[in-house]
Amino acid sequence: MNTSQKILIGGSIIIAIGLVSTVIFATLIYEQIKQNTIENIQRTNAAYLSSIASNSLTIENFKPIMFEEKNQIFSNYFEGIKNEETVRIKVWSKNGTIIFSDGNVSVGDNFSTNPRFQTAIQGQVNTEIKEPIDPENISEMGFGQLMEIYVPIYLDYAEPVGVIELYFSMDKINESTDNVATLVYTVAFILIGLVTSATIVSSILVARSSKQDIQQEKFASIGAVTSRLAHDLRNPLSVINTGLDLIAKRTQEKQTIETCTMIQDSVKRLNHQVEDVLSFVKPRSLVIKETNLNTLITRAIAELSVPNRISIEKPSQNPTIFCDEQQCVTVLNNIIFNAIQKLDSDGTITISYDDDQKNHIIKIQDSGDAIPEKDLKKIFEPLYTTKLQGTGLGLNSCKTIIESHHGRIFASNHPTTFTILLPKMMK
Amino acid sequence: MPSVVIVDDEPDIVKILCEYFDIENIDVLGTGNNGKDAVELCAKHSPDYLLLDLNMEKYDGFYTIENLPNFDNPQKIIVITGQIGEEIQKLENYDNITVLPKPFDIQQIVNIVKSKNSD
């Protein structure tokens, strides 16, 4: 399992946990709000009923006699309390007889064993929420949830003198708690959305950067090994090179001198590859100084062995250029070296110069075959090579160097051309 | 006759430079294999040029550059090195130091030693 898969799975788990906990949290909040609302309704209703009872009722009104008269009194009394939510009102005497019922049902009957009445007459307000699936009678049809509240009425006595039972629809209350719930869930899901997208984005970023970290670590260790290797290679290369100079100086034999030159060309090639690898694994910081195009081109060609069959045409202009001379020489050297390798028969390499307001434009054209279209985009990528002997690092180094100068390099066909744009103002 | 001191921890390089300089009529006043040798040999012989490797055990080339007496006429040094990096780029700022990367071009060294001596 690679890092990005791990991060993907980790991210999904985090999102899932977040989703579940948000839903639980939102549900808890909703339940809490609903609970609070119901308690509030219970409290305010009880307080309201007790207070108006104290104002306009007497202990006589709660005696289970003269039901006709009581019907009149309570009907008037409840006129101000009833609204469209009210389903039923009952008044209980202290001993459990129904004194008043707005539907005139059960008046005069005794239900003293009713547990809710018993709780209430002992001084405890109590409520019951009834689901609409099980209506007690037909008048409860057409409503959603119903609430039954039993309020003990004290008037000014120490013990309750009776109980008022109010039975009303929860529809409006539920509607408003549902609105709150909708709001809570909306906010919760917006939060989930935000957290999810933040997690996804950060996972992608982490995945990318950890991939880069791994690659950088790899390159750093390869870099340490190669730079040691390169250093160790340079001593024997120096001995071989100078030894060949020595042989060529001592001998008079033309053939031996030619052999020496041939071996020295190989040493140059070897060194070229070492340079490629080194500048890839250990890019150098820029040392900007004044130089000119001619110097750059001359130095680039001096480090190469150009076969007689290939001619190199240099530009007539020689503008002053501010750049890292050594590194720009490496760039030109790499491109010209590639062109020489590509031209197996006779050919011409043309270096031309142009400029615009901001950039020096250096073009290196060769008369060889076009670069296949599929390669054209990839040739600057590290380790991409079309040659059997290439490291695949030369052109990548060129790109790195030119881009560190804030310039651009690109390849095109017809004719095969490498174009380098170097900013004129280099700081 | 221009004169040099050669200090490199690779004996083959010292040997082949000596042989080449012999043909080119350059006087090799002394050879060594570490930075301390370089300081002592320069103090003893005052050569026209010190050919100096940088990466050597115990006393490296930077030790030499720091410890050579800094007179009005500082010791001219040709640093020949397989290393690259900012430290080496800094050396190029010294007037008396020329930096040549390995593998070096021996004819270039000969030219420097001979031309500067004829000034």
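**Entry 1: the model.** I am working from a predicted model.

Entry 2: Rolling a probe the size of a water molecule over the atoms shows where empty space is left. I found 1 cavity of 30 Å³ or more. The largest cavity has a volume of about 50 Å³.

I then listed what lines the largest cavity: A:Leu296, A:Cys328, A:Val331, A:Leu332, A:Ile362, A:Ile402, A:Ile420 and A:Leu422. I sorted this lining into 8 nonpolar residues, no polar and no charged ones. Which elements supply at least two residues each? They are α7 (325-342) and β12 (416-423) of chain A. The largest share, 3 residues, comes from α7(A).

**Entry 3: aromatic pairs.** I counted 12 aromatic pairs over all chains. I picked A:Trp92 and A:Phe111. Their ring centres are 6.3 Å apart and their planes stand at 65°, so I noted the pair as edge-to-face. A:Trp92 lies in strand β1 (residues 86-93) and A:Phe111 in the loop between β2 (98-101) and α3 (115-121), so the pair ties together parts 19 residues apart in sequence.

Buried or exposed? I checked A:Trp92 and found it buried, with a relative accessible area of 2%. A:Phe111 is partly exposed at 35% relative accessibility.

A:Trp92 also pairs with A:Phe117. Here the centres are 4.7 Å apart and the planes at 15°, so the pair is stacked. A:Phe117 sits in helix α3 of chain A, 25 residues from A:Trp92. Both A:Trp92 and A:Phe117 are buried.

**Entry 4: a cluster.** I followed ring pairs through A:Phe62, A:Phe74, A:Tyr77, A:Phe78 and A:Phe100, which they link into a cluster.

Terms used. Residues are numbered from 1 along each chain as its sequence is written. Chains are lettered from A and ligands numbered from 1 in the order in which they are written. This is a predicted model: local features need pLDDT of at least 70, side-chain atom pairs count only at pLDDT 80 or more; totals for chains, interfaces and linings use all residues. Side-chain values use heavy atoms; hydrogens and water are left out. On a 1 Å grid over the protein atoms alone, a cavity is a set of points where a 1.4 Å probe fits but cannot get out, and a pocket is an open set with protein on both sides within 12 Å along at least five of seven lines; lining residues have an atom within 4 Å of a point. Grid points are joined across faces, edges and corners, and a volume is the space filled by probe spheres set on the points. Helices (H or I, at least four residues) and strands (E, at least two) are DSSP runs, numbered from the N terminus. Ala, Val, Leu, Ile, Met, Phe, Trp, Tyr, Cys and Pro count as nonpolar, Asp, Glu, Lys and Arg as charged, and the others, Gly among them, as polar. Rings of Phe, Tyr and Trp (its six-membered ring) pair if their centres lie within 6.5 Å; planes under 30 degrees apart count as stacked, over 60 as edge-to-face and the rest as tilted. Buried means under 20% relative accessible area, exposed over 50%, partly exposed in between (1.4 Å probe, protein chains only).
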